[in-house]
Amino acid sequence: MPKTERWHWYVEEFFPTEQHHRAIDAVYYAGETAYQSIGIIETPVFGKMLILDGDTQSAQNDEKIYHEALVHPALAGTADRSEVLILGGGEGATLREVLRHPGVKRCTMVDIDGDVVELSKKYLPEWSAGAFTDPRARVVIGDALAFLANDTGRYGAIVSDLTEPLEDSPSNPLFSDEVFRNIKTRLREDGVYVLQASTAGFHNMSLHAKMARTLRGYYRHVASFYTHVPAFDNDWAFIACSDRLDLARIEEAAVDAYCAQLRGENFFYDAETHRRIFALPLYLRRELAKSGDTF
Ligand code: SAM
């Protein structure tokens, strides 16, 4: 391993008392868009990385863990995959994963930041892997808040791949009771709403629990799941909501049958992984069972 003095470092601050340092091999882009700061760098361990407002969004070498976890349990659990909606998802990897299912006739992706989309096409083409030019893809550059207020479509799955709802993030207004209600009206009766739902570390799971608590007011089944994402240096949580079925209890054979329909090979997700990511540790189950804050 070369001496550390040789490197420049990207330092991500998780809390004022926690930092993760990654050595930088190359900086491809650093700038400001109308909505957020953006960095695209290359690191020795994770390959290329997209960073928005100082937060790692995804990394080349493990983005499939995050994106397969976000998309496939939800698509496996929905009855009708013909119309899918993605909120956010600027890199195009969520779109890529959705379009791997041949039953998807149209996937609408709404991201507020055209610069993130264009810079991802230019510097991170491995993420979208051709998804942006798939005739089934419809990319809308606009605020998901306004889109949801005006849209009349109904979707078998809605996938929320928004940035963390930090105070000054453009995603913040989307985490409200009113928006959660709006999303439900856009979902088919037997559809699944899935969202990236913040960290699930024992030391930082309150935002996740707040999301789950709010969503329990809208859906019969609200299933949290999580996996470690090395580039996030954290356990990352998701929530799958449905009135029809509890995604935590989907049959193994149903997951196998779903995976067999996907084009290309999975990296992370299969029936065994499904069982593992929906099995929650006691501390997280306890946190989720508590009453407390809602949006
Ligand atoms: N994996 C990610 C994470 O860990 O937070 C999320 C990935 S994706 C890059 C997040 C996307 O959400 C960004 O492209 C950002 O532009 C988009 N976004 C944020 N606020 C939005 C809004 N109000 N409407 C639509 N897209 C939004």
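Strand β1 gives the largest share of the lining of the largest pocket, 4 residues. Strands here are DSSP E runs of at least two residues, helices H or I runs of at least four, numbered from the N terminus. A pocket is an open set of points on a 1 Å grid over the protein atoms alone, where a 1.4 Å probe fits, with protein on both sides within 12 Å along at least five of seven lines; lining residues have an atom within 4 Å of a point.

Some ground rules. This is a predicted model, with local features needing pLDDT of at least 70 and side-chain atom pairs pLDDT 80 or more, while totals for chains, interfaces and linings use all residues. Numbering runs from 1 along each chain, and side-chain values use heavy atoms, without hydrogens and water.

Back to the largest pocket. Its lining has 45 residues, with D55, Q57, T163, E164 and L166 nearest the centre. Among the elements giving two or more residues are β1, α1 and α7.

Now α7, residues 206-215. Because 7 of its 10 residues are buried, α7 is largely enclosed by the rest of the structure. Buried means under 20% relative accessible area with a 1.4 Å probe, protein chains only. Those residues are H208, A209, M211, A212, R213, T214 and L215. They pack against α6, β11, β12, β13 and α10, contact being heavy atoms within 4.5 Å.

Last, H274, in helix α9. H274 is buried at 3% relative accessible area.

Key
Buried means under 20% relative accessible area, exposed over 50%, partly exposed in between (1.4 Å probe, protein chains only).
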